[in-house]
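Okay, everyone, thanks for coming. Have a look at this one with me, and I'll talk you through how the two chains meet.

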Number of protein chains: 2
Amino acid sequence: MPNFHAKVFVSLRPSVLDPAGEAAKSAALRLGINGINKLRIGKSIELDITASSEEEAKNSVEVLSDRLLANPVIENWTFELHQSDLDSDI
Amino acid sequence: MPNFHAKVFVSLRPSVLDPAGEAAKSAALRLGINGINKLRIGKSIELDITASSEEEAKNSVEVLSDRLLANPVIENWTFELHQSDLDSDI
């Protein structure tokens, strides 16, 4: 069965506060980096999945993102999926 | 001054264990999703930065990634940077 490599990005919804991001923004100033207007911290999940078709892999990643990796109440998610012939190096 | 939008990806080095990723992999099985071979959880940081040139923005994001967002002992980082005319919606 073909292997697929997926990258899921989970980010806080724009209306949700991000105290960790704000702290990083302040710390950047103390590091001497000026000009940062916004900074938001999210998650990126890389995974390798074996499935019979790209459609099936896509469905699996969608269920995984929506029910396990992200909390849809406060987070949005997107993903990229592509077929990979070899095991990726994650 | 031009605005830039950057996306920084921070991932654990391949030699570093990822217990959270392992837990998510096991939970996926219980959710009925089979076929996941690897799953690693990292961070993605989105930021808007104002800088006089793309070179300067790139340097700032590099310092930020290496000294603040990632722990280079156990984590790798990469980033994408592009000019953005308007404030992004993060």
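Start at A:Ser44: its bridge partner is B:Gly42, in E2(B). That's one spot in a strand pairing (two strands pair if DSSP finds at least two bridges between them): E2 of chain A, residues 36–50, runs antiparallel to E2(B), with 13 bridges. Strands here are DSSP E runs of at least two residues, helices H or I runs of at least four, numbered from the N terminus.

Quick housekeeping: it's a predicted model, local features need pLDDT of at least 70, side-chain atom pairs count only at pLDDT 80 or more, while totals for chains, interfaces and linings use all residues. Residues count from 1 along each chain as its sequence is written, chains are lettered from A and ligands numbered from 1 in the order written, and side-chain values use heavy atoms, leaving out hydrogens and water.

Now, symmetry. Superposing by least squares on C-alphas with pLDDT of at least 70 in both copies, chain B lands on chain A by a 180° rotation with 0.0 Å of shift along the axis, RMSD 0.0 Å. So that's the relation of a two-fold axis. Which residue of chain B comes closest to that axis? B:Lys43, its C-alpha at 2.1 Å.

For contacts, meaning heavy atoms within 4.5 Å, 37 residues of chain B touch 37 of chain A. And 100% of chain B's contact residues recur in chain A, so to speak the same surface serving both copies.

Last one: salt bridges, a Lys or Arg side-chain nitrogen within 4 Å of an Asp or Glu carboxyl oxygen. Across this interface, the rule finds zero.
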